[in-house]
Amino acid sequence: PPSTPSQTPSCVRWPGGSGWLVTLRAGAELDAHQVNQYTLTLWAACPEEDEVQEHLFVRVTRGQVLRCDNSFASAGDVVQVLADVAPRTPLYAVVPQPLSGLMVSGGCHRFWLRNHDTPLTLTRRGLVLAPANGFNTSKEIQTFRLEIEVMDRHGHNCSGVVRVEVLPSRRPRVTFREPQWAVTVPKSIGPLEVVTQVHASGDNVRYAILAPVVPALFTINEVTGEIRSTRQLEAAQAHLLVQAYNVLHPDDHATTTVNITVQGTDQQGPSCVPAIFVSQVPETASPGSTLVTLRCSDSSGTERHLHYALEGPPASRSSFYMDGPRLQVNTTLDYDSEAVAAADFQLTATIVVTAGGHPPQSTRVPVFLMVTPVNEFTPVCPSGTTFTVLETAAFGSIVGYVTGTDRDYPQNSLTYRLEGGPGPAQPFSIDTQTGEIRVVEPLDSKRHKSYRLSVRLTDTHNDVDPAKRRSCLCEVTVHLQAVPDQAPVCTLEVQELWIMAGPGKRQPVTHLVCQGSPSDAPLTYAIAGGNKDGRFQLEGNSIFYLPSDLSEPCTYVLLVKVWSSPSGPHRSTVVALVVHVTPWSTPVTPSTTTWHTMLQKEPLVIMRTVAVWHPPAWFVAVLTVSSALLLVTLGCMVQRLLCR
């Protein structure tokens with residue numbers, strides 16, 4: 001019928017022109033649940049001959065073929081999630097479907113990712129999970145593509161694609177209305193009295209005091225943001241660094257500075273903004289560049305008669321200097337130096353602002369700077385990289401090491417890649433981490449005397465931006481050292497044989513067993529002498545006796561030459577065969593004597609212990625009765641299932 005899932009047969013003339021080969025293929029997917037048998041009518045006609053019509057019965061049986069969902073296996077499923085989804089949240093489930101229609105998830109199925117350039121995770125049960133650290137909420141729309149393959153325990157498999165689109169979060173970000181808070185309180189304020197209250201907009205907001213690390217004078221309510229004093233205030237000024245954050249998403253946070261001034265104090269130090277400075281500075285910051293400019297004023301509100309000085313460790317004081325209220329870079333901040341690495345790439349200092357008076361009053365502004373790396377240098381190739389390897393080197397043999405250098409910190413953090421990849425024209429591979437070159441294909445010094453390899457060196461982890469990487473191309477020469485051919489080795493170099501010559505076809509005499517060097521080298525055999533009247537014939541390593549009208553017993557001494565190369569200079573081995581030929585009518589005692597030259601070897605004694613367990617008679621009886629009861633029970637269960 002037209003609905004039959006078959007295509008028009010294709011015809012190809014049978015070799016020799018005696019007929020035609022008709023090929024019939026299924027034109028659609030067969031389903032034994034819908035139709036389990038098709039009756040096809042085949043019609044054929046040749047020019048000037050009668051038409052032929054035959055019937056073909058095709059039976060469709062059920063089979064366990066694994067299927068994936070159409071949308072998953074064809075164009076791919078699309079999943080949209082918000083960027084603030086909780087870490088390791090299930091985003092998608094791969095549900096394979098066998099042809100029988102039973103939906104299965106996990107169980108005896110295996111799931112794995114074809115591509116690994118994604119932060120998403122695929123579990124053993126086919127669940128796609130969000131990253132362990134969550135998505136980056138600062139980006140716009142992010143797209144991740146996962147190529148997933150499924151296989152059941154019978155080896156059937158299917159594959160598909162899932163595209164996860166991460167949409168920007170719709171929740172409001174945590175923000176302070178004011179970056180700076182200035183509060184003035186009376187000197188008479190007592191312990192646990194409210195000094196001020198900070199407020200940040202956002203969801204699930206909590207508050208904490210970041211600096212000073214041990215707030216001895218103040219405490220903050222993490223829910224309401226109220227700042228209270230812990231004792232009687234005596235200091236003229238206090239500076240607090242307060243952080244507001246989303247308790248469900250700690251990455252969503254904001255900070256503000258609270259400057260608290262106590263009224264009624266006779267002497268007050270200058271007031272500065274910012275009260276604490278935390279920043280990152282690249283190692284390529286040029287000397288003289290300004291990092292921060294302080295805005296300070298004394299108790300009278302003026303900026304006159306203020307003196308700025310820098311205190312801290314020697315490394316910080318040599319790296320920075322004060323030009324009035326400006327903190328500037330003094331020398332180049334070399335991220336690759338041992339001094340910066342010893343300080344864990346963090347530089348700390350304190351800016352002391354002093355106001356004139358009697359006595360002079362001062363304010364301290366803490367400075368915390370993180371030096372960030374910049375990829376400045378290109379990797380350098382080793383000089384004169386040349387290796388020599390035997391042409392008989394086995395698979396996996398080490399050829400040598402390519403050791404590049406890079407001055408960026410961490411030093412010599414390189415990856416190695418062989419341009420073009422391994423293959424017949426380049427029978428080597430390289431370890432991406434160590435630069436170790438190994439043999440992965442057979443070598444032949446007759447075809448190639450040497451190989452020129454191009455190895456690309458790429459630095460890693462040398463810049464705050466992982467995409468900024470530098471590379472260079474190194475030339476490596478590998479010379480092949482030829483190994484001279486050795487004479488083949490035959491297991492039986494001298495043999496004595498008896499054969500019975502009779503009428504009819506040729507008779508096999510013996511097969512020579514020889515091995516060349518290398519072991520896979522082809523060998524050539526030839527009869528070098530003793531072949532009287534051409535009675536013996538050599539095919540490969542097999543020797544045959546041709547029938548003749550021999551009336552008396554005769555003995556032949558054949559010399560067979562064996563060598564490994566078909567042409568040019570070579571080393572050979574000669575095998576001697578003593579063949580006694582007896583006519584068919586002459587009675588002879590059947591015997592065969594073979595002797596050869598061989599080194600004497602000491603006998604090797606092998607002792608083998610076999611443990612045998614002989615169960616007692618009662619155990620055999622109990623096991624027999626139990627097996628019978630189990631078979632009866634299984635039979636009853638099968639009968640009940642068939643009845644249902």
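Predicted model: local features only at pLDDT ≥ 70, side-chain atom pairs only at ≥ 80, totals over all residues.
1. The link between β10 and β11 (residues 127–129) consists of two bridges. Within it, Leu122 has Val128 in β11 as its bridge partner. As background, strands of a sheet pair through backbone hydrogen bonds, either parallel or antiparallel.

2. **Around β7.** Arg88 sits in the loop between β6 (77–82) and β7, and its phi is positive, about 60°, although it is not a glycine. With a relative accessibility of 44%, Arg88 is partly exposed. Pro96 belongs to the loop between β7 and β8 (97–98). Here the relative accessible area is 0%, so Pro96 counts as buried. The C-alpha atoms of Pro96 and His109 are separated by 8.5 Å, the two residues being 13 residues apart along the chain.

3. For β15, the covered face holds Trp181, Val183 and Val185, while Gln180, Ala182, Thr184 and Pro186 make up the uncovered one. From the covered face, Val185 stands opposite Val262 in β22.

4. **The nonpolar cores.** The largest nonpolar core counts 27 residues, and Tyr308, Phe320, Leu327, Ile351 and Val353 have the most contacts inside it. At least two residues of this core come from each of β24, β27 (306–311), β28 (320–323), β29 (326–329), β30 and β31 (361–372). The largest share, five residues, is supplied by β30. To see the surroundings of one of these residues, take Leu327: leaving aside residues up to four places away in sequence, its contacts include Leu291, Val292, Leu310, Phe320, Ile351 and Val367, and also the residues Ser289 and Thr290. There is also a second, separate core of 25 residues, with Cys68, Phe72, Leu146 and Val162 among its members.

5. **Backbone geometry to check.** Most residues other than glycine have a negative phi, and most peptide bonds are trans. The bond from Val273 to Pro274 is cis, with omega near 0°, and Pro274 lies in the loop between β23 (271–273) and β24 (277–282). The bond from Tyr409 to Pro410 is also cis, with omega near -10°; Pro410 is found in the loop between β33 (398–401) and β34 (414–418). Phe345, which is not a glycine, has a positive phi near 60°. Its loop runs between α3 (338–342) and β30 (346–355). At a relative accessible area of 10%, Phe345 is buried.

6. **Aromatic rings.** In one of them, Trp618 and Phe619 have ring centres 6.0 Å apart and planes at 90°, so the pair is edge-to-face. Trp618 is exposed at 60% relative accessibility, whereas Phe619 is partly exposed at 31%.

7. **Charges over rings.** Two placements may interest you. Arg506 lies over the face of Phe544, 4.0 Å from the ring centre. The charged end of Lys561 sits over the ring of Trp563, at 5.4 Å from its centre.

8. **The annotated span.** An unreviewed UniProt entry lists residues 617–638 as "transmembrane region". In the model this span is 100% helix and 0% strand, and its end C-alpha atoms lie 32 Å apart.

Note on methods
Residues numbered from 1 in each chain as written. Heavy atoms only, no water. UniProt positions renumbered as here; feature names shortened; annotations may be inferred. Helix = DSSP H or I, 4+ residues; strand = E, 2+ residues; numbered from the N terminus. Pairing = 2+ DSSP bridges. Buried < 20%, exposed > 50% of the residue type's maximum accessible area, 1.4 Å probe, protein only. Phe/Tyr/Trp six-rings, centres within 6.5 Å; stacked < 30°, edge-to-face > 60°. Lys NZ or Arg CZ within 6 Å of the ring centre and 35° of its normal. Core = buried A, V, L, I, M, F, W, Y, C linked by side-chain atoms within 4.5 Å. Contact = heavy atoms within 4.5 Å.
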